Amino acid sequence: MPFVLKKNREIDLAGLEENVRAYEEAGFDGFVSFGCMGEFYASSFEEFKKVVDVAVGASRKIRCVFGTTFHNTRECVERTKYAQDAGADGVMIGLPYLIPCTAEAAFEHYRMVNEVADEVQIMIYNNPSSFRFNIDVGLWDRLMQLDRVKAVKESNGDVTHRTRVVSHISNRINVFSGGENWLLGDSLVGANSLVGVVAPGAPQAAMQFFEACMRRDLARAVPYHIKFTEVYDDLTAQNEVAWEKACAELGGFKAGPPREPYLPLVGAPRSRLASGLGTLRRMAASHASARRT
């Protein structure tokens with residue numbers, strides 16, 4: 001879920017509340033707020049607390065997960081404790097990234113968070129392009145000894161890594177593909193969940209695709225896989241926040257501009273995104289109609 005901002009780039013709590021309820025109405029099982037595309041780096045602790053309070057208060061059945069990644073373990077722990085006390089279902093945590101971690105430092109980071117997470121569940125976030133560290137099979141054998149570690153969002157795009165890790169851990173914790181473009185391959189080796197990137201722009205298509213992957217219905221899943229992958233064409237490390245916010249707005253949700261110094265998505269990339277989302281929505285409508293007849 002985007003960090004919802006007004007045009008002046010101040011926090012939009014009314015828009016956030018509207019989004020939570022719209023996510024529920026769309027049929028999503030849950031949301032993750034303050035991921036990388038959700039601008040976890042851009043909020044103050046006070047803004048973080050306001051988002052958690054409003055989102056948890058607005059939810060009725062949807063699961064609330066908040067990214068508590070921060071530059072140091074101490075504040076990550078404090079954000080995790082706040083989310084837990086406020087009633088969050090889970091926290092998603094990447095590693096401090098300014099100075100890359102060693103394997104021992106990475107384990108210690110999650111161990112310290114695990115000590116305070118006596119109610120909330122922990123989703124580990126593996127994203128080496130952002131956090132400059134990759135969680136491999138060997139480290140996972142240690143991490144799965146931590147009792148609150150219940151899931152991973154896997155965003156390392158290397159196919160060999162994904163196959164080894166997903167097949168190794170998916171019988172013990174929930175494995176979330178970090179985007180629709182990875183879901184098909186991941187599902188064939190054990191992944192059972194998705195943190196959608198394109199999903200806010202085409203909710204029904206994302207849910208139909210997920211269902212087809214879980215059922216291993218390749219006749220339905222493969223065309224979706226191809227189209228979702230095409231939609232990612234203009235997504236780059238430089239524009240990912242703006243791209244995700246545009247995707248959400250094109251899907252009817254609130255988002256607003258990225259926080260400075262980053263700029264909104266405009267021009268041809270936004271037009272191509274709108275066109276791709278339109279195709280996905282038509283695919284979903286066609287499939288829904290076929291199921292009714």
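Helices (H or I, at least four residues) and strands (E, at least two) are DSSP runs, numbered from the N terminus. The model is predicted, so local features need pLDDT of at least 70 and side-chain atom pairs count only at pLDDT 80 or more, whereas totals for chains, interfaces and linings use all residues. Residues are numbered from 1 along each chain as its sequence is written, and side-chain values use heavy atoms, with hydrogens and water left out.

Pockets were identified on a 1 Å grid over the protein atoms alone, a pocket being an open set of points where a 1.4 Å probe fits, with protein on both sides within 12 Å along at least five of seven lines; lining residues have an atom within 4 Å of a point. The second largest pocket has a volume of about 160 Å³, a volume being the space filled by probe spheres set on the points, which are joined across faces, edges and corners. Helix α8 (180-188) and helix α7 (159-169) each supply at least two residues of the lining, and α8 gives the most, with five residues. Among the lining residues are Arg162, Asn181, Trp182, Asp186 and His225. The lining divides into four nonpolar, five polar and two charged residues, where Ala, Val, Leu, Ile, Met, Phe, Trp, Tyr, Cys and Pro count as nonpolar, Asp, Glu, Lys and Arg as charged, and the others, Gly among them, as polar.

Two residues of this lining, arginine 162 and aspartate 186, are joined by a salt bridge with an N to O distance of 2.4 Å. Aspartate 186 belongs to helix α8 and arginine 162 to helix α7, so the pair ties together parts that are 24 residues apart in sequence. Both aspartate 186 and arginine 162 are buried (buried means under 20% relative accessible area, exposed over 50%, partly exposed in between; 1.4 Å probe, protein chains only).

In the whole structure, 18 salt bridges are found, each defined as a side-chain nitrogen of Lys or Arg within 4 Å of a carboxyl oxygen of Asp or Glu. Arginine 272 forms a salt bridge with aspartate 234, their closest N and O atoms being 2.8 Å apart. Because arginine 272 lies in helix α12 (residues 267-292) and aspartate 234 in the loop between α10 and α11, this pair ties together parts that are 38 residues apart in sequence. Arginine 272 is partly exposed, at 47% relative accessible area. A network of salt bridges links Glu108, Arg111 and Glu115. Glutamate 115 is exposed, at 58% relative accessibility, while arginine 111 is partly exposed, at 26%.

On the surface, Leu188, Leu218, Val222 and Ile226 form a nonpolar patch with about 310 Å² of accessible area together. Such patches consist of residues with over 30% relative accessible area and no salt bridge, nonpolar side chains (Val, Leu, Ile, Met, Phe, Trp, Tyr) being joined within 5 Å and like charges within 9 Å; accessible areas come from the Shrake-Rupley method with a 1.4 Å probe, and for residues only the protein chains shown count as cover. Helix α10 (residues 218-231) gives the most to the patch, with three residues. Isoleucine 226 is found in α10 and is partly exposed, at 45% relative accessible area.

Helix α11 (residues 240-250) is mostly covered, with eight of its eleven residues buried, including Val241, Trp243, Glu244 and Lys245. Just after α11, glycine 252 takes a positive phi of about 95°.
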